[in-house]
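These are my notebook entries on one structure, written as I looked things up. I begin with the strands, go on to the helices and the rings, and end with the backbone.

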Amino acid sequence: MPSGVPSSLNNWWCPTSDEYGFVGFSYEVTACQDLNTLRREFVDIRETFKGRYVRMYGFCDRPGFYDDIVTAAWDAGVGVHALIWFGFDGGNQWQTRRNHLVSSLYSNPKAKFITRVVQFGSEPLFDRVLTPQALAAEVWSLKGQLKSLGIPVTVSDMAYAYQENGGAKDVLDAIDLIDAHMLPFFSWQASTASNSWPIVRTDLDWFVAKGEGKKIFLSENGWPSVTSSGVQPNSPNAVANVDNERDYYALLDSHCWFFKTIPGGGVGWFAHIYSDNQEPGYGIYDSNGRPKFWFRPQTSC
């Protein structure tokens, strides 16, 4: 990063056509990590894995937390996909989180140089938190608030959620880019990760067909190494173990050239998630901080 804050966003971000293949990690923040932890782990994401972005997942309502995210990301040289977390149990806390985030984006001079996009999530369409029309209205409203900062807005959800809402064209029209959830382990057709490419293609092809040429990221994207009470397959043939978690990312990596050619600037994908301490079974690191497998996917091809 430069020694000082730039005067303009002109030529600051890479072209979207360069943001394909592996781009970074989802990173769960419900632990409200302190600044030192954020710095250490963001540096690891950048230097060990060549990640360009950290996608926030979950929530931390500690005052000043997003400022710590910005500081750590600036120091590490990564961008952030910020998240307005709805949660899974209703309520209007997301509105307070939205307001606090907007306040931080305006008050912190580094924030607009770190924040690549703001997401509404996770899975507000699937969870039916708002109707598609109401969610689209929230996207348009936030876009208006962030226009002067040059920060785009999206919704992080799965193809199935759009399809169950009649395609949710209002939402697709409103968002600036597509954050697609890709969790093929939960498909009724799931078996092993190495055989999941047709599942990935089905959902991705839907977003390409309906997405109006917009940039696509696979945001919440992974394969679990264990099952739990909240992580159960819909197919009796789906296999959850470390080998399959590894094989899923190897599958994506093997299709780097395909992702590069997708309209809208290619498809960039995140690994969900950084550590098993953040979400059991999904981490690249186990709960003791040890890599579960070799993970060095391509960031270009």
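This is a predicted model: local features need pLDDT of at least 70, side-chain atom pairs count only at pLDDT 80 or more; totals for chains, interfaces and linings use all residues.

**Strands and barrel**

Next I checked strand β1 (residues 21-28) and strand β2 (residues 53-57), which run parallel and are joined by five bridges. Two strands pair if DSSP finds at least two bridges between them, and the elements are DSSP runs numbered from the N terminus, helices being H or I with at least four residues and strands E with at least two.

I then followed the pairing around and saw that eight strands close into a barrel in the order β1-β2-β3-β4-β5-β6-β7-β8, with parallel pairing. From one strand to the next, the twist averages 30°. Helix α3 (residues 93-107) packs on the sheet, where it touches β3 (79-85) and β4 (115-121), and its direction makes about 150° with that of β3. Contact here means heavy atoms within 4.5 Å, and axes are lines fitted to C-alpha atoms, for helices over the stretch in contact, with angles from 0 to 180 degrees between N-to-C directions.

**Helix pairs**

How do the axes of helix α1 (residues 35-47) and helix α2 (residues 65-76) cross? I found that they come within 8 Å and cross at roughly 40°. That makes α1 oblique to α2, since angles under 35 degrees count as roughly parallel, over 145 as roughly antiparallel, 65 to 115 as roughly perpendicular and the rest as oblique. On the α1 side the contact includes Leu 35, Leu 38 and Phe 42, and on the α2 side Phe 65, Ile 69 and Ala 72 are among the residues.

I compared this with α3 and helix α5 (residues 132-146), which pack at an angle of about 20° with their axes 11 Å apart. That angle makes α3 roughly parallel to α5. The residues in contact are Trp 94, Arg 98, Val 102, Leu 105 and Tyr 106 of α3, together with Glu 138, Leu 142, Gln 145 and Leu 146 of α5.

**Rings**

I counted aromatic pairs and the total comes to 34, where rings of Phe, Tyr and Trp (its six-membered ring) pair if their centres lie within 6.5 Å, and planes under 30 degrees apart count as stacked, over 60 as edge-to-face and the rest as tilted. One of them is the edge-to-face pair of Phe 49 and Tyr 285, with 5.9 Å centre to centre and 75° between the planes. This pair links distant parts of the chain, 236 residues apart, with Phe 49 in the loop between α1 and β2 and Tyr 285 in the segment after β8 (267-271).

**Backbone**

I noted that the peptide bond from Gly 121 to Ser 122 is cis, with omega near 5°, and that Ser 122 lies in the loop between β4 and α5. Asn 11, in the segment before β1, has a positive phi of about 60° although it is not a glycine.

Technical notes: Residues are numbered from 1 along each chain as its sequence is written. Side-chain values use heavy atoms; hydrogens and water are left out.
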